[in-house]
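Today I look up charged pairs first, then a helix packing.

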Amino acid sequence: MIFESATPLARACDALVRARRERDIEAFESATAQLWEAAQTAPADELTTALTACADLLGELGPGFGGEFAVLCGALIELGASPEPLVPVLRERLTEVAGLSAEFAAVWAREFPGEGTPEPDPAEFETTLERLDAAIPPDHAVRLVESWFGLQAWMRCATTLLQKSAAARRACQAEPALRAAVSALEPEREDMTWLAMLLAVLDGERLLVLHRATGRGWRMTIGGIADNFQLHTLLAATLSGPDADGLLEGLSVDAAWTAVALDAPATSFGGQVTGSFNLVDAYGAWIWNEGVPADIPALDGVRVVVLDPPPYARSWDNIRRYPMMAASIALDEVLSADEAASWLGRVSEAKGFDGQA
């Protein structure tokens, strides 16, 4: 992609594409620095055009160097570029690099039993490569080690993309090889946590919510909610309202809690949220705030949340776990009294703190 525009960002993109075509590493690094400098003041549409060019290049780069370049791509999104041009290539490359990293962990465990995988510290790269190079074919050893050490950079890009784009979350969640690789890597690497949680985020998910004390129920749709602290906050905000409208009067909900739980900028964060309920699933188990909506079990194909009185005072920091990810919650329907009673008749009474009936 060659740009006809004469803006600094367009010229930097031209130089980047040319350097890659000519396999000139020094020129590529120089053009990358120029691109980043020009991006600081570029408008969103120009940033998106630049990201499109960078995404094309990202598909050609190796696991190590590509990871460093992927960080730049994520940073362009943070500056205002539309994330969509990056979705297909990042899904493909992240799946590849995560899969190779999982293979690295398996090969390492086989060749060096009992040692544990090395920390992905750049200072350990050469030593790790030398050891693996002696155990498996050299070319494959290089690819595995580059992936293991480069994965963190790919994940930095991915966590930006997945926060900014529900389409990216759906695309990556639909990639079985990626989910399998992340699952295999979680016991091996602490830095997998954020990526694993983002891959568990629900978008366009229907919930059935029941309030045991009043016998009321509602259908809702949620998206972009990172954890059950956030869900708890948004349930209280959505259901707080006049009794005549089928809502719950008397809930104490600060507008700042709702704003932060939805999409307020990080500068709005601060203070404490006070819990309104004890969340319980359809089978009577407590829905812990520390968990995620995807953990809530379904009854007849729908996730059910029962709202009970809080057994003790709860409060938590007024933050979103993923500050760049906007959340949504919609009250789709107030259930009729008969339908709510039918559902409440099918769910279990809440179990105790220890999970016992």
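I started with R206 and D332, whose side chains meet in a salt bridge at 3.5 Å, N to O. For the record, a salt bridge here is a side-chain nitrogen of Lys or Arg within 4 Å of a carboxyl oxygen of Asp or Glu. R206 sits in strand β1 (residues 203-211) and D332 in strand β8 (residues 328-334), so this pair ties together parts that are 126 residues apart in sequence. Helices (H or I, at least four residues) and strands (E, at least two) are DSSP runs, numbered from the N terminus.

A note on what I'm looking at: this is a predicted model, where local features need pLDDT of at least 70 and side-chain atom pairs count only at pLDDT 80 or more, while totals for chains, interfaces and linings use all residues. Residues are numbered from 1 along each chain as its sequence is written, and side-chain values use heavy atoms, with hydrogens and water left out.

Next I checked accessibility (buried is under 20% relative accessible area, exposed over 50%, partly exposed in between; 1.4 Å probe, protein chains only). R206 comes out partly exposed at 42%, and D332 is partly exposed at 41%.

R219 belongs to strand β2 (residues 216-223) and E333 to β8, so the pair links parts 114 residues apart in sequence. Buried or exposed, for R219? R219 is buried, at 19% relative accessible area, while E333 is partly exposed at 33%. I also found R93, E96 and R143 joined into one network by salt bridges that share partners.

Then R110 and E111: they form a salt bridge, with the closest N and O atoms 2.9 Å apart. R110 counts as exposed at 53%, and E111 is partly exposed at 30%. How many salt bridges are there in the whole structure? My search of the whole structure gives 16.

The axes of α5 (residues 87-111) and α6 (residues 125-133) come within 11 Å and cross at roughly 65 degrees. Axes are lines fitted to C-alpha atoms, for helices over the stretch in contact, with angles running from 0 to 180 degrees between N-to-C directions. In contact (heavy atoms within 4.5 Å), F104, V107 and W108 of α5 meet T128, R131 and L132 of α6. By class, I get four nonpolar, one polar and one charged residues, with Val, Leu, Phe and Trp among the nonpolar types, Asp, Glu, Lys and Arg charged, and the others, including Gly, polar.
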